[in-house]
Amino acid sequence: MAKTTLTISSKNYSSWSLRGWLLAKFSGLEFEEVITAPDDASAKAELLLLSSSILVPCLRHEGATVWDTLAIAEYLNEVMPEAGLLPDDRVQRAHCRSICGEIHSGFTTLRASLPVNLKGHFPGFKIWSRAQADIDRVCTIWRDCLAKSGGPFLFGERRTMADAMYAPVVTRFMTYDVKLEPVLAAYTRTIMAMPEMQEWIEAARAEPADVEELEVEY
């Protein structure tokens, strides 16, 4: 049987690769990484938000090829149901899917003005008002989820696909020194302390190549 692979791009810059990788890790599915070259045109287009069709990450498993991040999440939930990528409760499952869909299709200003850069740190970064509106919406989502579930993750004691989908936002908030109220700051620390995140960040910091267009200079 063919081996299971997950194709990803830069660990320092790619929010979608991080999401897909965390989903696979959370599911418990064993896989091998296939990393696209930093000078690959399609990979760079994805990082610079210039591609309308994002083909990374891409999961190949037992004859299936799945390349949309939400599709990967749903596929992993189907083949590894014991991992609990979705909450057990029907209402909470609907809520989880809704906020995952929102981050999947929205927050374009946040993505463009605060690109993922795990090696970077920009204290005092000036945030545009439109990006602040996106930040405020993320905070509302987190606040609501944590108030209902009690944390430490968005839907309680167990990590779900929502935590994987919002993990790159956590890194953005850390990189650009976004100030958060205590309960939300605690959530970001919970996400950053996960062994999977620590593994990813260590690999990101070891990447030799920088994408100049994603390096903030102001």
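Glu-181 is partly exposed, with a relative accessible area of 32%. Here buried means under 20% relative accessible area, exposed means over 50%, and partly exposed lies in between (1.4 Å probe, protein chains only). The model is predicted, so local features need pLDDT of at least 70 and side-chain atom pairs count only at pLDDT 80 or more, while totals for chains, interfaces and linings use all residues. Residues are numbered from 1 along each chain as its sequence is written, and side-chain values use heavy atoms, with hydrogens and water left out.

Stay with Glu-181. Glu-181 forms a salt bridge with Arg-143, and the closest N and O atoms are 2.8 Å apart. Glu-181 lies in the loop between H7 and H8 and Arg-143 in helix H6, so this pair ties together parts that are 38 residues apart in sequence. Arg-143 is also partly exposed, at 35%. A salt bridge is a side-chain nitrogen of Lys or Arg within 4 Å of a carboxyl oxygen of Asp or Glu. Helices (H or I, at least four residues) and strands (E, at least two) are DSSP runs, numbered from the N terminus.

The count comes to 10 salt bridges. Side chains of opposite charge can pair when their charged atoms come close. One of the bridges joins Glu-74 to Arg-97, with the closest N and O atoms 2.7 Å apart. Glu-74 sits in helix H3 (residues 69-79) and Arg-97 in helix H4 (residues 90-105), 23 residues apart, so this pair links distant parts of the chain. Glu-74 is partly exposed at 29% relative accessibility. Arg-97 is partly exposed as well, with a relative accessible area of 37%.

Another bridge runs from Arg-158 to Asp-88, the closest N and O atoms being 3.3 Å apart. Arg-158 is in the loop between H6 and H7, and Asp-88 is in the loop between H3 and H4. The two are 70 residues apart, and the pair links distant parts of the chain. Arg-158 is partly exposed at 35% relative accessibility. Asp-88, at 63%, counts as exposed.

Next come the rings. The structure holds 6 aromatic pairs. Rings of Phe, Tyr and Trp (its six-membered ring) pair if their centres lie within 6.5 Å; planes under 30 degrees apart count as stacked, over 60 as edge-to-face and the rest as tilted. Phe-122 and Tyr-176 have ring centres 5.5 Å apart and planes at 20°, so they are stacked. Phe-122 lies in the loop between helix H5 (108-113) and helix H6 (129-149). Tyr-176 lies in the loop between helix H7 (161-175) and helix H8 (182-193), 54 residues away from Phe-122. Both partners are buried: Phe-122 has a relative accessible area of 16%, and Tyr-176 has 0%.

Ring pairs also link Trp-142, Tyr-166, Phe-173 and Tyr-187 into a cluster. A charge meets a ring elsewhere. The charged end of Arg-19 sits over the ring of Trp-16, 4.4 Å from its centre. The rule asks for NZ of Lys or CZ of Arg within 6 Å of the ring centre and within 35 degrees of the ring normal.

Now the cysteines. A disulfide is a covalent bond between the sulfur atoms of two cysteines. The test is a pair of cysteine sulfur atoms within 2.5 Å, and the count comes to 0 disulfides. Cys-100 is in no disulfide; the nearest cysteine sulfur belongs to Cys-96 and is 4.2 Å away. Cys-100 is buried at 0% relative accessibility. Cys-58 is buried too, at 5%.

Turn to the strands. An open sheet of 4 strands has the order S2-S1-S3-S4, with mixed pairing. Strand S2 (32-35) and strand S4 (64-66) are the edge strands, and each pairs on one side only. The twist averages 20° from one strand to the next. Axes are lines fitted to C-alpha atoms, for helices over the stretch in contact, and angles run from 0 to 180 degrees between N-to-C directions. Strands of a sheet pair through backbone hydrogen bonds, either parallel or antiparallel. Two strands count as paired if DSSP finds at least two bridges between them. Strand S1 (residues 5-8) and strand S3 (residues 58-61) run antiparallel and are joined by 3 bridges. Thr-5 stands opposite Arg-60 in S3.

Last, the backbone. A cis peptide bond joins Gly-151 and Pro-152, with omega at about 5°. Pro-152 lies in the loop between H6 and H7. Phe-107 has a positive phi, near 60°, in a residue other than glycine. Phe-107 is in the loop between H4 and H5 and is buried at 7% relative accessibility. Asp-177 is not a glycine, yet its phi is positive at about 55°. Asp-177 is found in the loop between H7 and H8 and is partly exposed at 26% relative accessibility.
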